[in-house]
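Please prepare a short briefing on the structure shown here.

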Amino acid sequence: MFSKFTSILQHAVEALAPSLPLQEDFVYHWKAITHYYIETSDDKAPVTDTNIPSHLEQMLDILIQEESERESGETGPCMEYLLHHKILETLYTLGKADCPPGMKQQVLSFYTKLLGRIRQPLLPHINVHRPVQKLIRLCGEVLAAPTENEEIQFLCIVCAKLKQDPYLVNFFLENKGKRGDGKEPGADGLKEDLSSPDTGQQQSLNLGLDGPGSTARRPAEGASGPSNNSSNYNLVSSLLNLTKSPDGRIVVKACEGLMLLVSLPEAAAAKSLTESTELCQLLTDRLASFYQALPQSMDPLDIETVESVNWGLDVYNLKEDAAAFTGKRALISFLSWLDYCDQLIKEAQKTAAAALARAVRERFFVAVMEPQLMQTSEVGILTSTALLNRIIRQVTSEALLQETVYFLLGEEVGPETAASITQIPLRHRLIEHCDHLSDEISIMTLRLFEQLLQKPCQHILQNLVLRSLDERNYIENKVQEEREEREHMENGQPHDAVDLEEDPLFSDLSPDTRLSSPDWLSCSPPQSTEHTKPDGKTEVHKIVNSFLCLVPDEAKSSYQVEGTGYDTYLRDAHRQFRDYCGICQRWDWRSSPKPIEKCNLDRPFFEGHFLKVLFDRMGRILDQPYDVNLQVTSVLSKLSLLPHPHLHEYLLDPYINLAPGCRSLFAVIVRVVGDLMLRIHRIPDFTPKLLLVRKRLLGLEPEGLSIDHVTLLEGVIVLEEFCKELAAIAFVKFHASTSTSPSP
């Protein structure tokens, strides 16, 4: 109480006394602090009962006032005094000793305000960055310490300063085992040192000063420059310690500080960040612990529909959530930390981002997720696949997406063979799950691949489909002269192609309009075939009609329901194709098919494991559940939308001359239609039943009595809609503006 009265009295005297020059006033306040340590005998009284906080505040105000009265960049006498007499070094020592109790809090606050409010760059000065570095080491030493709030504010202001001037980070990379700090005075030895306040404190080891003007150095001249092969990065280590705080606000601020540090462009800092700190371990261990806290069984719909939560904002009250489900709190925590890892890697310097993403792959995906995906329990497979699907949907950083894809599919880009499909066990297992006995697992895995196909990663498409189509060896290997002669002798129809002219379903088509290797985005006609018409749109018309006429009239029902025509797919196809062109624009895809004379047509064609499973599923469309069929056709339509000439030719050109034993999407559908024609006549009242099923699916008719052959009827409806969708995609791709096409 007496000390508080003394403080009030002192303020009153200072207010009435004539104002001193700023430097004298500054020195007066500093000497008042040092005299406290010389004269006091009670070092257990809290600092708040002394005049020290007031003197520190006054010193700070004087420095701010001095800077405002001088030209920008000019150092005033008060700042010169602070630097020359190593006041920050002395304050650090007092803060470390926490003498009197609470002094550490005051020192942290003073450093924070000094760095935050003084506009001129202070960190380049050796008598600033050295004590700052030492003070950094004191932060995060004790969890839930009373100084945590001041510690995180101090660390964040240092991070902000480094973000402004990234080269300064080299001051904070310490060579391991060579700190060179010298011995620091303990609290008991302060009185003797402070008895000469003009010098501030004893000289640090081997750091003689030529004057205040010589205290600023470039990082390369410092003891902890970037030339060190192995460095301590104490700023990162202290922030990592504070991410373990029980106070959520401290954790968020620490994460924000780390986000600033990983984005610094300095290569030495990036190397130290990933090799000399526990950042990689913290990210992956916490991701693994959040994942392992999830229930073993969760509803895939809950996983898919839970609201997105940005990191640091996962405030959740279970009692107030009407849509709560078991494990929702744990799922939100996992997704929130995943979002932080993703954003951190997205912001990180390139080499740091690659190292962090690789750590997530090795320490989380391979170590934790892969065993879950490879298990035999159907419940476990379903839950882990749904979680993986959500992870892929949420990942946006290029480096993390690439490592995730390498984890799932491997890094192979060479031709796939039937014998090599098991080389990457996880890839093989996931593709096999697309044709699993459990429809739920099949649907979820197909959704997983559909999500992958929409990601901006070229390796996904190259690995899954394009590497099997690179040589166009799905085309029959015949020389051009023999082909032209045979086409002439057989009325323009290849001998092993589907004979559309003899089929009553295609009596309105002329086979002499076969499209040979079109430039996939060109509206002008291909010029490599003598049968092409002068109008490119005529070719599009033939291809569109090929798909629209695949399903026989007696198996069609959309014309009897308003608003279900082919034109309804055009708008969606145009939008989706435009989106895909935007994604693929920066990839080195060719704009036209590889010339046939440069293709290795002698190599046996294998469509690839992924397309094989999809085609097998498509071939059973009349015998599969409606939801499975929707997902299979959805994945195939995504592939058909891709602006790659080989994929377009293989999936959307009905007239390619297939090599013996090969199948295309069109050929698969033709076989399904042939099977359908045989089965239609065995079902009484086929057409009325088909129309009723369609109306029920659209919600136009209430559910009533069960209908025989409902699986087949639903399959026919999906088949008809899929053919219309393919026709719309073919139409849109051939008429797309060249401005949306990817660069050759």
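**Helix packing and local features**

Helix H6 (residues 103-117) packs against helix H8 (residues 148-164) at an angle of about 25 degrees, and their axes are 9 Å apart. The model is predicted: local features need pLDDT of at least 70, side-chain atom pairs count only at pLDDT 80 or more, and totals for chains, interfaces and linings use all residues. Residues are numbered from 1 along each chain as its sequence is written, and side-chain values use heavy atoms, with hydrogens and water left out.

**Overall**

- The chain has 30 helices and two strands; helices (H or I, at least four residues) and strands (E, at least two) are DSSP runs, numbered from the N terminus.
- Of the 744 residues in the chain, 54% are buried (buried means under 20% relative accessible area, exposed over 50%, partly exposed in between, with a 1.4 Å probe and protein chains only).
- Among contacts in the chain with a separation of 6 or more, 79% are between residues 24 or more positions apart; contact means heavy atoms within 4.5 Å.

**H6 with H8**

- H6 and H8 are therefore roughly parallel to each other (angles under 35 degrees count as roughly parallel, over 145 as roughly antiparallel, 65 to 115 as roughly perpendicular and the rest as oblique).
- Axes are lines fitted to C-alpha atoms, for helices over the stretch in contact, and angles run from 0 to 180 degrees between N-to-C directions.
- H6 and H8 cross in a left-handed sense, meaning that the near helix is turned anticlockwise from the far one by less than a right angle, whereas clockwise would be right-handed.
- On the H6 side, Lys-104, Gln-105, Leu-108, Tyr-111, Thr-112, Leu-115 and Gly-116 meet Glu-150, Glu-151, Gln-153, Phe-154, Ile-157, Val-158 and Lys-161 of H8.
- The contact of H6 with H8 has six nonpolar, four polar and four charged residues (Ala, Val, Leu, Ile, Met, Phe, Trp, Tyr, Cys and Pro count as nonpolar, Asp, Glu, Lys and Arg as charged, and the others, Gly among them, as polar).

- The H7 and H8 crossing is left-handed.
- Val-132, Leu-135, Ile-136 and Leu-138 in H7 meet Glu-151, Phe-154, Leu-155 and Val-158 in H8, a contact with seven nonpolar residues, no polar ones and one charged.
- The axes of H8 and helix H11 (residues 248-262) come within 9 Å and cross at roughly 20 degrees, which makes H8 roughly parallel to H11.
- H8 passes H11 in a left-handed crossing.
- From H8, Glu-148, Asn-149, Ile-152, Cys-156, Cys-159, Ala-160, Leu-162 and Lys-163 meet Ile-250, Lys-253, Ala-254, Gly-257, Leu-260 and Leu-261 of H11, and by class this contact has nine nonpolar, two polar and three charged residues.

**Aromatic pairs**

- There are 17 aromatic pairs (rings of Phe, Tyr and Trp, the last by its six-membered ring, pair if their centres lie within 6.5 Å; planes under 30 degrees apart count as stacked, over 60 as edge-to-face and the rest as tilted).
- Phe-26 and Tyr-81 form an edge-to-face pair, 6.1 Å centre to centre with 85 degrees between the planes.
- Phe-26 lies in helix H2 (residues 22-39) and Tyr-81 in helix H4 (residues 77-84), 55 residues apart; both Phe-26 and Tyr-81 are buried.
- The ring centres of Tyr-111 and Phe-154 are 5.9 Å apart and their planes are at 85 degrees, so this pair is also edge-to-face.
- Tyr-111 is in H6 and Phe-154 in H8, so the pair ties together parts 43 residues apart in sequence.
- Tyr-111 counts as buried at 1% relative accessibility, and Phe-154 counts as buried at 0%.
- Tyr-291, Phe-334, Phe-364, Phe-365 and Phe-407 are linked into a cluster by ring pairs.

**Local features**

- A cis peptide bond, with omega about -5 degrees, joins Cys-99 and Pro-100; Pro-100 lies in the loop between helix H5 (87-97) and H6.
- Ala-144, in the loop between H7 and H8, has a positive phi of about 60 degrees although it is not a glycine.
- Asp-685 has a positive phi near 55 degrees and is found in the loop between helix H28 (665-680) and helix H29 (686-698).
- Asp-685 is exposed, with a relative accessible area of 55%.
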